[in-house]
Amino acid sequence: MLQGVKSALSVNLVKSIWFNVFYFGIKGLKLPILIGWNCKCDSMGDRKSVIISNNAFKMGTVCIGIKKNPFNMGEGTTYWSIKKGGQIRFLGKCRIAKANKINISRQGVLTIGDGFTSNSNVIISCGSEITIGKDALLGWNVTIIDGDGHSVMDEAGNVINRHRSILIGDHVWIASDTTILKGSKIADNCIVGARSVVNHSFDIKNSIIAGQPAKIVKENITWNK
């Protein structure tokens with residue numbers, strides 16, 4: 001009961017109403033997205049920038065910057081930025097912890113599956129396409145980025161480091177201090193070890209992936225959330 005009271009008090013109701021009505025109009029009064037107190041909305045995009053599956057459109061489906069459990073390692077500002085033309089799609093329940101940073105550029109599409117949970121200080125930066133399957137678990141200080149942050153040109157002025165999509169399968173646990181780089185693919189039911197750097201595709205399900213750069217270190221495993 002005490003935990004429930006703490007969670008309720010951590011919701012900024014006024015900002016939550018404003019946030020939902022901006023994206024969903026009157027329908028947004030159902031408050032499918034709850035926003036914490038220390039959440040900065042730098043850019044909201046447009047009214048088509050956030051989509052929630054119809055079967056998940058109910059109060060509290062998505063929680064952003066709200067402390068939901070005792071193992072939450074951050075108290076900093078949660079940052080939300082979607083440029084016009086960018087989009088985030090929630091396919092079910094989603095818990096984005098305090099001090100997370102969500103950045104979606106123009107034409108970027110971030111899809112988050114049902115049962116997503118992150119710890120604090122997670123950065124997701126999407127300039128093209130990032131897809132995260134259902135039941136994903138992200139530890140603290142995880143970075144997922146499908147670009148390089150700045151353009152690199154050749155002698156003719158042509159950009160040579162374009163964004164490349166990222167695909168993270170269902171029931172994937174990404175442990176703390178891990179970086180997932182552009183072009184990465186992680187199969188279903190995998191674990192990515194702490195402090196790993198993933199920069200290519202891993203197609204074998206039920207594997208442990210670890211290292212800098214990451215490689216498969218064990219197969220035929222499973223894990224419980």
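This note goes through the predicted model point by point, from the whole chain to single residues.

1. Basis. The model is predicted: local features need pLDDT of at least 70, side-chain atom pairs count only at pLDDT 80 or more, and totals for chains, interfaces and linings use all residues. Residues are numbered from 1 along each chain as its sequence is written, and side-chain values use heavy atoms, with hydrogens and water left out.

2. Overall shape. Along its principal axes the C-alpha trace spans about 45 × 45 × 30 Å.

3. Secondary structure and contacts. The chain holds 2 helices and 23 strands. These are DSSP runs numbered from the N terminus (helices H or I, at least four residues; strands E, at least two). Of the contacts between residues at least 6 apart in sequence, 38% join residues at least 24 apart; contact means heavy atoms within 4.5 Å.

4. Surface and burial. Buried residues make up 47% of the 225 residues. Buried means under 20% relative accessible area, exposed over 50%, and partly exposed in between, with a 1.4 Å probe and protein chains only. The accessible surface of the chain comes to about 11,300 Å², and 55% of that belongs to carbon and sulfur atoms. Areas come from the Shrake-Rupley method with a 1.4 Å probe; for residues, only the protein chains shown count as cover.

5. Nonpolar patch. L13, I17, V21, I26 and L29 form a nonpolar patch on the surface, with about 460 Å² of accessible area together. Patches are made of residues with over 30% relative accessible area and no salt bridge; like charges are joined within 9 Å, and nonpolar side chains (Val, Leu, Ile, Met, Phe, Trp, Tyr) within 5 Å. A salt bridge here is a side-chain nitrogen of Lys or Arg within 4 Å of a carboxyl oxygen of Asp or Glu. L29 lies in the loop between helix 2 (13–24) and strand 1 (33–35), and L29 counts as exposed because its relative accessible area is 52%.

6. Aromatic pairs. The whole structure contains 6 aromatic pairs. Rings of Phe, Tyr and Trp (its six-membered ring) pair if their centres lie within 6.5 Å; planes under 30 degrees apart count as stacked, over 60 as edge-to-face and the rest as tilted. F19 and Y23 form an edge-to-face pair, 5.1 Å centre to centre with 70 degrees between the planes. F19 and Y23 are 4 residues apart in helix 2, so about one helical turn separates them. Both are buried. The rings of F22 and Y23 have centres 5.0 Å apart and planes at 85 degrees, so this pair is edge-to-face. F22 is partly exposed at 22% relative accessible area, whereas Y23 is buried at 4%. Ring pairs link F19, F22, Y23, F24, F57 and W80 into a cluster.

7. S81. This residue is in strand 5 (residues 78–82). S81 counts as buried because its relative accessibility is 1%. Leaving out residues up to four places away in sequence, S81 touches D42, S43, I102, N103 and I104.

8. Backbone points to check by eye. Most residues other than glycine have a negative phi, and most peptide bonds are trans. A cis peptide bond joins Q212 and P213, with omega about -5 degrees; P213 lies in the loop between strand 22 (208–211) and strand 23 (214–218). Q107 has a positive phi, near 75 degrees. Q107 sits in the loop between strand 8 (101–104) and strand 9 (109–112) and is exposed at 67% relative accessibility. D177 also has a positive phi, near 65 degrees. D177 is in the loop between strand 16 (173–174) and strand 17 (179–180) and is partly exposed at 26%.

9. N121. This residue is in the loop between strand 10 (116–118) and strand 11 (123–126), and N121 is partly exposed at 32% relative accessibility. N121 and A99 are 22 residues apart in sequence and 4.9 Å apart in space, C-alpha to C-alpha. Not counting residues up to four places away in sequence, N121 touches K98, A99, N100, N141 and V142.
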